[in-house]
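Subject: Handover of a protein structure

Dear colleague,

Please find below the structure that I am handing over to you.

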Amino acid sequence: WEEWKMDRTPSGDVTLWSKAHEKYLGCNSHGELHTTSTQGDWSLWELEESPYGGVFLKSKAYQRTLSVSNEVLCTTQDSFTEAETFQLEPKL
């Protein structure tokens, strides 16, 4: 049910905007995810190609990789597995 809008910044990073909550996805220094109405360093993500056929999304500020563990969105550090690979689906 969750849809995220991905926007590219002028520097090449991306932000993730929740259509349901109308907030950005952010990460703090402990790797905890949160949503916020303001855009800042905590809400910037870097895209990296995954060898599993998708992309990794890494927090620009804290170098934590977005992951799914037990069907819960979280972050990991120094882990690049299929659990951190996201398949992006365009919506026109």
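The notes below describe the overall fold, the surface and the aromatic pairs.

Please note that this is a predicted model, in which local features need pLDDT of at least 70 and side-chain atom pairs count only at pLDDT 80 or more, while totals for chains, interfaces and linings use all residues. Residues are numbered from 1 along each chain as its sequence is written, and side-chain values use heavy atoms, with hydrogens and water left out.

Overall fold

The protein chain has eight strands and zero helices. Here strands (E, at least two residues) and helices (H or I, at least four) are DSSP runs, numbered from the N terminus. The protein chain is as compact as a globular protein of 92 residues, because its radius of gyration is 12 Å, close to the 12 Å that the globule rule gives for that length. The radius is taken over C-alpha atoms, and the rule is 2.2 Å times the number of residues to the power 0.38. Along the principal axes, the C-alpha atoms fill a box of roughly 35 × 30 × 30 Å.

Contacts (heavy atoms within 4.5 Å) also say something about the fold. Among those between residues at least 6 apart in sequence, 34% join residues at least 24 apart.

Burial and surface

Of the 92 residues, 35% count as buried. Buried means under 20% relative accessible area, exposed means over 50%, and partly exposed lies in between (1.4 Å probe, protein chains only). The protein chain exposes about 6000 Å², of which carbon and sulfur atoms supply 47%; the areas come from the Shrake-Rupley method with a 1.4 Å probe.

Aromatic pairs

Rings of Phe, Tyr and Trp (its six-membered ring) pair if their centres lie within 6.5 Å; planes under 30 degrees apart count as stacked, over 60 as edge-to-face and the rest as tilted. By this rule there are two aromatic pairs.

Trp17 and Tyr24 form an edge-to-face pair, at 4.8 Å centre to centre and with 70 degrees between the planes. Trp17 is partly exposed, at 24% relative accessibility, whereas Tyr24 is buried, at 15%.

Phe56 and Phe80 also form an edge-to-face pair, with 5.0 Å from centre to centre and 65 degrees between the planes. This pair links distant parts of the chain: Phe56 lies in strand β6 (residues 55-59) and Phe80 in the segment after β8 (72-76), 24 residues apart. Phe56 is buried, with a relative accessible area of 3%, while Phe80 counts as partly exposed at 36%.

With kind regards
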